[in-house]
Amino acid sequence: MPTLKIDGREVTVDNGRTILQAAEALGIEVPTFCYHPGLSIAANCRMCLVDTNKSPKPVPACHAQVMDGMEVHTQSERIKRTRSAVLEFILLNHPVDCPICDQAGECVLQDHYFKYSAQPSRLFHRKQHKSKAKVLGPDVILDAERCILCTRCVRFCDEVAKQSQLDVVNRGEHSEITTFPGMQLDNPYAGNTVDICPVGALTSLHFRFKTRVWFLQTEKSVCPECARGCTIRIDTFENTVRRYKPHHNAKVNGYWMCDEGRVSFQDYLEGRMEGPTVLDFGPNGTRRFATATQRALDEATRALAASDAKRVAVVVTPWLTNEDAYVVGELLKGPLAGAKVYRGGRTTSGTQDDILRRADKNPNAKGLDAVWSRLGLTGAPLAAFSAVNTDTVLIFGDNHMVGNETLVELEKVPNRIVIGAFKNAFWDMATVFLPARLHWEKDGTFTNFEGVVQRLRRAVKPAPTAKSDGWYAMKLGQALGARLDFATPRDIFVAMTSGVSAFAGIEYDALGDASHTTLMGAA
Amino acid sequence: MGGHAPAPASKAGPSGPPPLAKSTRLMRADAEPLKHEAEHNIFHSELMTVAMGPSHPATHGTMQMMLTLDGETIVDVDVKIGYLHRGFEKMSEVATYNQVIPYADRLNYVSPLCNNVGWVLAVEKALGLDVPDRCKYIRMIVCEMSRITDHLTAIGAGALELGGFTPFLYAIQGREALWDVVEELTGARMTTSYTRVGGLRHDLYADFEKRYRETRAEVEKLLRDCDKLLTKNRIFVDRMANVGVIGAEDAIDFGFTGPCLRSTGVDYDVRVAAPYLHYSRVQFDVPVGHKGDNYDRYLCRMEEIHQSFKIIDQCLAQMEPGPINSPDWNVVLPPKEQVYNTIEGMIAHFKLIMEGVKVPAGEVYGYTEAGNGELGFYIVSDGSGRPWRVKCRPPCFAIMQGLKPMIVGSSMADIIPTFDTINMIGGEIDR
Amino acid sequence: MSQSVVDAIQARFPDAVVSTHAWRGDDTVVVKKAQLVEVCRFLKDDPAMDFKMPVDVCGVDYLGFKEPRFEVVYHLYSLTQKHRIRLKVEVPESDLHVPTVIGVWRGVDWFEREAWDMYGIIFDGHPKLERILLYPEFVGHPLRKDYPQRGYQPLMPMPTLPTEVS
């Protein structure tokens, strides 16, 4: 365990650690460009050079290993000049693009220049021109003039995506990042190169020119597109989601997320149905009316109460949060005990790889199982739905993967209560439609396929008429005589920790930056 | 609280006049009622509450005085301010340090350049930044010009309310002449926003000295005329002398600064006690009164105008050509040709505008001598480009606290000259 | 540059001083609020201190930055000794009471009222602790960090005027 001094402060670290890691332990900031904790060390940018007593030349802190008795200086006059010089070289051919560059506001080059240099230019020459706005792949566009050749993207494609689709060509000041001729940067994780590019060389095509980053508000949440449940940041502006970015989570997704999840938010932006509707079978024909939530709930209650619980079918989905699933479970344990339970959701045999993507394209299958484990309910697959002996069907969620025959069966049921969000076949068939909240409008938790419980945080303010599935279940349950009373998802989670063994001992507020593993090892 | 309705006059009932209320018009609790009153009891007087303001033709600035009167004598006054509160301090918490400058303009709006200079000096104190000499001289010049406009306004308004329309117009004409120069220099008469953290918006224009000398001659002539009309004027002196008196000890206890404090005989001027910019390199006198009444405050202001001109003359003589901004691109915007043509200038400009000048975490109290006294800015910084807390210490806030002892016991007619010589500026006191 | 003042306070009230610091030429002493009035009286009356002029009193809200949440900051000046000092008291959210120093200097009157108005800090013993910059029906204390930048206030009913004049 070598002990070293950095700027006069002593620290002891494990053998094999680099000076950069030791400095991080002390809270001392050493600027870098090409270093990334999730990638191999390249040491080509030379920004992290520090003075040591073990070498006459400054050494790159990201690469140099600590030695016992080493003395490191990060603020000496030579290092300040060195950083200034490194930045000067990087900026020599850098185009004056800040006003049109998406990276402005989150650009490492801007931040480092302002903090460590702020010196005027000494260039009295034309700058070198390279490829500008070159589309590399379905989601990535390259501006080679802005590139500082840190090779983070090259290393990412080699080491993480395991498809070497990028490389540096030419030499000297003509060096450029490029794909192989005729090939595209189209691996399923290509969007991460945009995240790790420290400048605006690689930018996202779907986010290009959409919003300036300083307008964005951020919330941490979970991507719902598959059972991996990558921790993400949802960036919004004016109450609309503008992009997803991965958030580091050592247990779940490391530093990355897949492109499918990254662009998925675009699917949820349009076609939203936010008002409750009721189908009226009047003398003049069947007409659909917008109505107040209470009236719709009354209609739904009437339909559910009219017949015996055995003639009621409930379709649940692994898109319900743990809290929603708990309340629905209470409903099925109480007033609707004996109802036929079906399980919908999206496909469970999608593309899977050994990097991040899972075949199960539903976010909370494991959570649903865990929450219902004590109820002994599993539910038949929705594809096996039969309208025989069914007067009312209560459908949670509207993104079920079903064929036409199932839809036809569902439409045979006289009362169809749908809790959904979009204009689709389920909305069309609903006799009572109750608008639900999307995952980014909810607070709650998901459990991923490994049993890691993570919190969703509300990033978008929902329409006042859109309520969560659990709220509707609670209201229907109350109307049917159950004693259910929860004010917030937090309250439900607290009830869950005592009611469901798999969640015992987890604290809702502790589900913060460090995701929590359920005690599912026992299950 | 809303105003009280005036107490209804007592009515004569069917059996004759109601029992007479004992007269309570007393200046001191132990004073004897006047002889003729006690004998004849002809005045059925009760105390009357009059709301003076917030909208009143004779008060300059919006504030309300709830006067409790016994006839014409003021028994009590409740001074209510806050009618011009615009949340300067709250807004400053989301603005960068340079974005606060237009807000500061609107504090003491008759001397905006004093506020500009005061604010950036406080920020530069927190930064530990020194600005070039030429910048310091120019800041002194504009600060003194603003002080002159402030005093001219006070003198003119004071004369106006006492019935002297002519000296008011002379003073305003002088103010206009000065504001013309200020407009030529900064682009605006009142919302100047001329200073920047680390320097100024731009240098003096080519004809500045010539225009200044013309204006100075004009203002001094107008001031001589005002002086002839007012200073030995029987009516003016009668209404101003021995009215609104406050003693030195009380003034200090209330936190008075500026001409109001100096009129009581206390020789305190921030420019002398703690010189900032290059005030230690110029010679000027600080006029001091001895009575602490309205007349002394008027005289102090009159003389200070002459002294301010003296300071400006010396600054123009001592000034050398040179840069006006600090060369540090972490504080001052790069020149535009570098911003548009080099990436370094572009980045520096971008970071300065988007994130602001980063002031190290800590707290400072920066203070200067503004027209009304010590104008202070207490800045708490959290290390970012936006202040965590800004407290503006307005000079007339402390002075208005002392209004009550100045006017209680005097006649209602004395309120106006007292209030005028105090020179409360609504924007400054309410922020 | 008023180290002598800091030293004098520390010598005279060693258990009242919580911390001191100096930065950019300003000296600051943080004292416990229970001994605030004593310290102020000493600063005013002692001839070597002679802080006869109260310059400023204000509140500061450090929500999310440090505990305790509030501070009341006093700036004082001595005309004869020509030194300045910044005195601070820490005010936790659970106990917003601070003794008034209006008995020491009359000039803190309106400043303390403003601290009450803007932060809700209660000055015990102040003869008239009412709102000063805002109207009496205002809800909340706007300079607190949890009061929004664009806060909305409830509408006030129009005042009714007496219809009869007798």
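## Exercises on aromatic rings

In this predicted model, Phe422(A) is buried, with a relative accessible area of 13%.

**Exercise 1.** Classify the ring pair of Tyr268(A) and Phe422(A), and state where each residue lies in chain A.

Solution. A pair of aromatic rings is described by the distance of the centres and the angle of the planes. For Tyr268(A) and Phe422(A), the centres are 6.0 Å apart and the planes make an angle of 40°. Planes under 30 degrees apart count as stacked and those over 60 as edge-to-face, so 40° makes this pair tilted. Next, the positions: Tyr268(A) is in the loop between α6 (259-263) and β14 (277-282), while Phe422(A) is in the loop between β20 (415-420) and α11 (425-429). The two residues are 154 residues apart, and the pair links distant parts of the chain.

**Exercise 2.** Decide whether Tyr268(A) is buried or exposed, and name the cluster that contains this residue.

Solution. Buried means under 20% relative accessible area. Tyr268(A) has 12%, so this residue is buried. Ring pairs join Tyr268(A) with Tyr244(A), Phe265(A), Phe422(A) and Trp440(A) in a cluster.

**Exercise 3.** Classify the pair of Tyr279(B) and Phe284(B), then the burial of both residues.

Solution. The centres are 6.2 Å apart, with 65° between the planes. The angle is over 60, so the pair is edge-to-face. Tyr279(B), at a relative accessible area of 2%, is buried; Phe284(B), at 13%, is buried too.

**Exercise 4.** Which ring does Lys145(C) lie over, and at what distance from the ring centre?

Solution. Lys145(C) lies over the face of Trp388(B), 3.9 Å from the ring centre.

Key
Residues numbered from 1 in each chain as written. Chains lettered and ligands numbered in written order. Predicted model: local features only at pLDDT ≥ 70, side-chain atom pairs only at ≥ 80, totals over all residues. Heavy atoms only, no water. Phe/Tyr/Trp six-rings, centres within 6.5 Å; stacked < 30°, edge-to-face > 60°. Helix = DSSP H or I, 4+ residues; strand = E, 2+ residues; numbered from the N terminus. Buried < 20%, exposed > 50% of the residue type's maximum accessible area, 1.4 Å probe, protein only. Lys NZ or Arg CZ within 6 Å of the ring centre and 35° of its normal.
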